[in-house]
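These are my notebook entries on a structure I looked up. I began with the charged side chains and then turned to helices, aromatic rings and the overall fold.

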Amino acid sequence: MATTKLVMKLVYILLILFTFSVSPAIATAPEHCDSGSENPCINKAKALPLKIVAIVAILTTSLIGVTSPLFSRYISFLRPDGNGFMIVKCFSSGIILGTGFMHVLPDSFEMLSSKCLSDGPWHKFPFAGFVAMMSGLVTLAIDSITTSLYTGKNSVGPVPDEYSIDQEKAIHIVGHNHSHGHGVVLSTKDDGQLLRHRVIAMVLELGILFHSVVIGLSLGATNDACTIKGLIIALCFHHLFEGMGLGGCILQADFTNVKKFLMAFFFAGTTPCGIFLGIVLSSIYRDNSPTALITIGLLNACSAGMLIYMALVDLLATEFMGSMLQGSIKLQIKCFMAALLGCAVMSVVAVWA
């Protein structure tokens, strides 16, 4: 429940930031940024039905993507301990890595270097790269500290030699005298690995939610019917494969069914909710206003840093340095090709979104 509350608070903060960006800087935008009515694709009447289609399509594909790994236990090819699941997970990790490098980070650079922003300081310092770098370091700190807190909470000290128990395999509470309640909790390799999977799943979801909110708000606020048509298809593929990556992490984290449902729901529902809010604010929102460019640009940079860190460190590096892949060169090559294919897919999708 604590994770759920944290996610809700972060999404709420993002919505407040976006609401703040819709109006204050309208009057301060340069004159050459005010043009938009000349674009023949700008048609609010045609854009609204497309946005409704986008909500339904993205919600459906997101649910399919994030829930499919949760049912993989019933498919022999995709069992969590099998090679097929590992290959699919590396492909999904490549999708997440491609999202960070090919979608989110370039958008941030484009927004924060826009001609609609003043020269100082936005054109004199690479804020997008700086924020992405700091976001990656902060994610590392969160990852490390959270793991330490979880580990400390679930284990207590070493086991005395008198018990003659292998600490790496012990899983019970051992007591010298049960009637007096003396005992220690023995941590195991499996417990430590499970904690890592849970931290990875939670931090990854936060990073995905950041850019999902931004994507939804931007799509809902625009009235460019030509742009929306291409975005619907691109975002459906994007959320389908990204959901598979997140769903695989949720599966390995072995949360309760309620937590699995909540995490899947937040992932699938964040972008549609962002689109709905963008529709509500579309009459006053201008995506080229300075405040909107700065707010969304910084959020994109923050999201990019988190996604790149998670994909490289907690997903790909962890799997490739693990015992399963280290024991098979052939499987390593297959997983590398799968990750490369995932990056390639998102690179192609970047043409439209």
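**Entry 1. Salt bridges**

I found three salt bridges in the structure, taking a salt bridge as a side-chain nitrogen of Lys or Arg within 4 Å of a carboxyl oxygen of Asp or Glu. The model is predicted, with local features needing pLDDT of at least 70 and side-chain atom pairs pLDDT 80 or more, while totals for chains, interfaces and linings use all residues. Residues are numbered from 1 along each chain as its sequence is written, and side-chain values use heavy atoms, with hydrogens and water left out.

I looked up Glu319 and found that it forms a salt bridge with Lys89, the closest N and O atoms being 2.6 Å apart. Glu319 lies in helix 8 and Lys89 in helix 3, so this pair ties together parts 230 residues apart in sequence. For burial I used relative accessible area: buried is under 20%, exposed over 50% and partly exposed in between, with a 1.4 Å probe and protein chains only. Glu319 is buried at 11%, and Lys89 is buried at 7%.

I then examined Asp143, which forms a salt bridge with Arg196 at 2.9 Å between the closest N and O atoms. This pair links helix 4 (residues 127-154), which holds Asp143, to helix 5 (residues 189-221), which holds Arg196; the two residues are 53 apart. Asp143 is buried at 3% relative accessibility, whereas Arg196 is partly exposed at 22%.

Arg196 also meets Asp314 in a salt bridge (2.9 Å, N to O). Asp314 lies in helix 8, so its pairing with Arg196 ties together parts 118 residues apart in sequence. Shared partners join Asp143, Arg196 and Asp314 into one network.

I treated helices (H or I, at least four residues) and strands (E, at least two) as DSSP runs, numbered from the N terminus. Helix 8 (residues 290-320) kinks by about 30 degrees, centred on Met310. The bend at a residue is the angle between axes fitted to the seven residues ending there and the seven starting there. Helix 7 bends by about 35 degrees at Gly269, with Pro272 following within four residues.

**Entry 2. Aromatic pairs**

I found seven aromatic pairs in the structure. Rings of Phe, Tyr and Trp (its six-membered ring) pair if their centres lie within 6.5 Å; planes under 30 degrees apart are stacked, over 60 edge-to-face and the rest tilted. Phe91 and Phe241 form an edge-to-face pair, 5.2 Å centre to centre with 85 degrees between the planes. Both Phe91 and Phe241 are buried.

**Entry 3. Overall fold**

I recorded ten helices and two strands for the protein chain. Buried residues make up 47% of its 353 residues.
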